[in-house]
Amino acid sequence: MKKLVFLLLAGLSALLLGCNQAPKQPHAAGFALTFDDRYVEEWTRLRPLLKKYGAKATFYVTQFDSLSPNDIRLLHELESDGHEIGAHGAAHIRVLDWLRGGGSLDDFYKFEIEGELNVMRKAGFRPVTFAHVGGQQTWWTDRRLLRDYFKLLRDVSMTERHLPFITIRQPIFAIDDIYYQFDGSQKVHALLIDQYTHLTRAQLKDGLIRAKNTHSVLMLLGHRPLFTPSEEPYAFSVQLLEEFLQDAQRMRLKSYTMVELVSAK
């Protein structure tokens, strides 16, 4: 009888303590900027703009061993501002193209992944997130990348996909995989904002509104920043980026690096 009373009291105490605990607050809604390849000098010119809006970014660097000492110095400056320096492959090799060409997976990891990580570490960087090259990935290659090398893998999404005989279009607010939900996911997608996607400020604002309403993070991807008008397709307008940052600031959205998404408590 005494044992039964004790168990009842213990259960009641646990229930009361649970009721007194504050409910877990959702993570702050926000956005995450990512930039790919090796446009180090152009990225560095973004520093004043990013500082103006309190924005952080993740710079995914490829062909690291071809960077100049000045490029490496500039990357350290970006890192000192709170930005993240991530990995994007030693030679910018697409994994499926490598396999179709007869290359082995072991050699892919050795030369494309470990080769870059070793050079980056010698230069003082410790990349823990990775951007797939050309959006190519498979579940079995991702499994090893996450097990042995990285905390997060980033792929790419677009509002339009051109397939044989058909073009698939989606509005930004309907592309679920470009919003991080703080669910522990280690495989994510970012929305490409380069010029050939023809995205507008209004479309990106729709994405920010969904992120705010769902306490999620809208993830974006660009390559080379364009400070003056150009027809270059694989580059993004700095003016469009600033308009995006203005809208995010007005909505009081938080800026995240990619590693912060998987590190958020």
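Student: Why is Ser 216 called buried?

Tutor: Buried means under 20% relative accessible area, exposed means over 50%, and partly exposed lies in between (1.4 Å probe, protein chains only). Ser 216 has 0% relative accessibility, so Ser 216 counts as buried. Do keep in mind that this is a predicted model, where local features need pLDDT of at least 70, side-chain atom pairs count only at pLDDT 80 or more, and totals for chains, interfaces and linings use all residues. Residues are numbered from 1 along each chain as its sequence is written, and side-chain values use heavy atoms, with hydrogens and water left out.

Student: Where does Ser 216 lie, and what does Ser 216 touch?

Tutor: Ser 216 lies in the loop between α8 (201-214) and β10 (217-222). Helices (H or I, at least four residues) and strands (E, at least two) are DSSP runs, numbered from the N terminus. Contact means heavy atoms within 4.5 Å. Not counting residues up to four places away in sequence, Ser 216 touches Ala 29, Gly 30, Tyr 179, Tyr 180, Gln 181, Arg 210 and Ala 211.

Student: What makes the pair of Ser 216 and Thr 214 a polar contact?

Tutor: A polar contact is a pair of N or O atoms within 3.5 Å; within protein, one must be able to donate a hydrogen and the other to accept it, and residues adjacent in sequence count only if both atoms are side-chain atoms. The side chains of Ser 216 and Thr 214 are joined by such a contact, of 2.7 Å.

Student: How do you know that the span of α8 agrees with what it should be?

Tutor: The expected span of a helix is 1.5 Å times one less than its number of residues. For the 14 residues of α8 that should give 20 Å, and the end C-alpha atoms are 20 Å apart, so the two agree.

Student: Which residues of α8 are buried, and why do they line one face of the helix?

Tutor: Leu 204, Gly 207, Leu 208, Arg 210 and Ala 211 are buried in α8. Seen down the axis of α8, they fall within an arc of 160°, so they line one face. The arc is that of the directions from the helix axis to the C-beta atoms. These buried residues pack against β1, β8 (179-180), β9 (187-192), β10 and α9, while Ala 202 and Asn 213 are exposed on the other side of α8.

Student: What makes a nonpolar core, and which residues have the most contacts inside the largest one?

Tutor: A nonpolar core is a set of buried Ala, Val, Leu, Ile, Met, Phe, Trp, Tyr and Cys residues joined through side-chain atoms within 4.5 Å. The largest has 56 residues, and Leu 33 and Leu 245 have the most contacts inside it. Helix α9 gives the largest share of this core, 6 residues. A second, separate core of 17 residues includes Phe 182, Ala 190, Leu 192 and Leu 221.

Student: Is Arg 252 buried or exposed?

Tutor: Arg 252 has 77% relative accessibility, so Arg 252 counts as exposed. Arg 252 is found in the loop between α9 (238-250) and β13 (254-256).

Student: And why is Asp 37 called buried?

Tutor: The relative accessible area of Asp 37 is 14%, so Asp 37 is buried. Asp 37 is found in strand β1 (residues 30-37), and its phi is near 95°, a positive value in a residue other than glycine. Most residues other than glycine have a negative phi.
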